[in-house]
Amino acid sequence: MRETVYDKIFKPKTYTLSNGKEVKQRASRAPFILLIVLFVTVVSGEVTGVDLSMLRTRGHQFIVILTAMFPPNFNFMNNVWGPLFDTIQMSLLGSIAGALLAIPFALLSSSNIIRNRLLNGFFKLFLSILRTLPTLISALIATFIFGLGTMAGTVAIFLFTLSYIGKLMYEHIENVDMGAFEAHESMGLSKVEAFRYAIVPDVLPTYLSVSLYAFEGNIRFAAILGYVGAGGVGLLLDERLGWRDYPSVGMVLLILMLVVFVIERISEYFRMKLT
Amino acid sequence: MNKAVAQQLEKAPNRKVYLSTIAIILTALIIWSFMGVNITGFDQRGTQIATNIFSGLFSPDLEFLFDFTSGGGVPGLLFETIAIAFLGTVFGSFLAIPISFLMSPSIVSRPVAFVTRLVVIFIRTIPSLVYGLMFIRVTGPGPYAGVLTMSLTSIGMISRLYVDVIENLDRGVLEAMTSMGCTTYQKVRYGILPQLFSSFLSVTIYRYDMNLRDATILGLVGAGGIGAPLIFAMRSYRWSEVGSILIGLVVLILAVEIFSNKLRERLVNG
Amino acid sequence: MIEFKDVNKTYPNGVTALKNVNLTIDQGEFVAIIGLSGAGKSTLIRCINRMHEINEGTLTVNDVNVGKLSGKQIRSFRRKIGMIFQSFNLVTRTSVINNVLISSVPELSWWRKLVGLFPKEKKVEALEALDKVGILDKAYNRVDQLSGGQQQRVALARTIAQNPDIILADEPVASLDPVTAKVVMDDFKRINQETNMSILINIHHVELALEYADRVIGIRQGEVVYDGKSEDVSQDVLDQIYGSIDNVPKMDDPEEAEV
């Protein structure tokens, strides 16, 4: 047993068996971890000004908006379709473009396909950094570059999809069993042919499934991108919330919920078929 | 060609119709989505801003980036973001425990599980920014509203992952304990809880990783964190400040991701 | 005919895998290669289709000097040599027939290669190959739904569809249970007798080697220490190949890759 600093402070218990052997049991780390979590919780509470009594006294304000949304303003429905389609189109185009570009990126990151450590490392780092940027922030930056509108939202979704699918795919490709590749080479296939017939069939179902999943999530993201001016149904939410027109907000949310639900079911159906 | 081979050749599954239908639908969707998005390239102004952002990234406002006094600088703002995400995750994961049990078909009856599932889907669909605005009415603008938002929005995913853990419990242990004559309490205490604890913790840490990303955007509606200063800096074209914030954000999220991966690996491998 | 003349092979890390190997194997022979893990069995057969390079000596296969081949020549040379692996090396997420069809890929036009569209006569060939190993009815199943024995027969069908002169098999039955192993060995034997393909098998089940092969080659530390009829293998010969009786591999001892 290797002694760590923790073991020096909290001595392990020693048991002596009837045959004279000694067994050491480490002191449990649970109390220590719990203490840290508690400490961080208290500090975080200080920093953020959490005050639970406020929930009791003013909690009903949360319900106020929620109840104001019911019944939703059904007359507003016709105003929702346009921005909603914008949202779907943005996430569709961004997802497809991102998924396509993720292929070369994933291949360049995979150490078993491109045997160049430097290149692999560079593209892996690039994908990681890209992934750290929250979609809303890249959308915000995109609105400054491409101007307000759907183009900015599409770019933000495209960047996120690229990083998400790129990372998942290179992880998958690096874990592919290269046995079939070797077998194909032994049959006289060239490396490209062996790749096409050994790696592609293995990776393709996962790729399609991950892409569908990314698209599903992107619809949710796209719904709020309008908040920074990047087009779609978020613009409407921003506007109506600003005017405190909560029944219309309720309508937007209701339709959004239905659309997301339907798209998720469809995508789930195809993902089940792929595995 | 013998008869068996000929028969088998005819049995070949014909997926041409299926595949071409999907291809046609997909092409139609792509064309449709191109019609909706007005593709605009870089114009003069956009290129200028893009170069500004890049130069801001490479010449960040160092004073702002390393200002460790409470509040004002990037470290303080990041700390606030970390705290929002942390508390949101802690509250969310506690709230998710009862909900996840109510969602597990192997614990409650199917209708109850289904209804809870619907409620969770309902909670999940409302964008976090809308919750943020709703909570601001409760607490006033500031990080507290962010904490409440995070708690609510993380319930959905955490409880869904908890359900997977509960459904995949190793029942062999319980069988072994029954054979040893353990009571129900003993089975829960020594058979179920140890299994749940580390998996739940792993899920929670994973969610923390995501909450940290989400916490950065709450600032956009005034619910605390580093989002608001970022917007202000951009709107007033202070690119070196934008650069500092972005650098801080990327470094923080990368560091937390690496750390949480290490931690979860240790949890899984003991 | 396969001819090794003073063949030497050393890996870049300094391990000597083959030492002064001289062998002649005629068309249609059924040869078992036995020896300890790491003795060089795997290297020996992988040199024949140039999956590994040799350092010294000459290796001639059907009057072709293997060492002199380059690029495209290697690939067309490999078309005439089939190979079977311990772990089957199939594409598991696709159907059985698609795996067998891969053997005809190099003969397709470029657009067929890209799309993966195989002409009817190739499909018939693939099905006939499956028929020969008795799994015609599984043609449209996905490979990962099959048992290990069935998967190895898919691999065998893939090799037969290639219509090779020689089949190299690297521990083909090591991952199979004893009963299935016999079934697969029976397939090898039948193919050998019906089509006159040469078959070289690396195998660590000595009983199976003696039962099925006509000729046994024993390798110890890269050197051929026995080469003769399988009937003539005695306990002394085995001791010579495996060192002492303690080293004779047990049934479940999987051979590690020799790299």
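Student: How many salt bridges are counted between chain B and chain C, and what makes a pair one?

Tutor: The count there is zero salt bridges. A pair qualifies when a side-chain nitrogen of Lys or Arg is within 4 Å of a carboxyl oxygen of Asp or Glu. Keep in mind that this is a predicted model, where local features need pLDDT of at least 70, side-chain atom pairs count only at pLDDT 80 or more, and totals for chains, interfaces and linings use all residues. Side-chain values use heavy atoms, leaving out hydrogens and water.

Student: What is the area buried between chain B and chain C?

Tutor: About 820 Å², with carbon and sulfur atoms giving 75%; buried area is the accessible area (1.4 Å probe) that two parts lose on being put together, summed over both. Nine residues of chain B and 10 residues of chain C take part in the contact (heavy atoms within 4.5 Å).

Student: Why is C:Cys47 called buried?

Tutor: Its relative accessible area is 1%. Buried means under 20%, exposed over 50%, and partly exposed in between (1.4 Å probe, protein chains only), so C:Cys47 is buried.

Student: Why is B:Cys182 called partly exposed, then?

Tutor: B:Cys182 has 23% relative accessibility, so it counts as partly exposed.

Student: How many disulfides are there over all chains?

Tutor: Zero disulfides, a disulfide being a pair of cysteine sulfur atoms within 2.5 Å.

Student: Which residues does A:Leu136 contact?

Tutor: Leaving aside neighbours within four places in sequence, A:Leu136 is in contact with A:Ile224, A:Leu225, A:Val228, B:Leu129, B:Ile217 and B:Leu220.

Key:
Residues are numbered from 1 along each chain as its sequence is written. Chains are lettered from A and ligands numbered from 1 in the order in which they are written.
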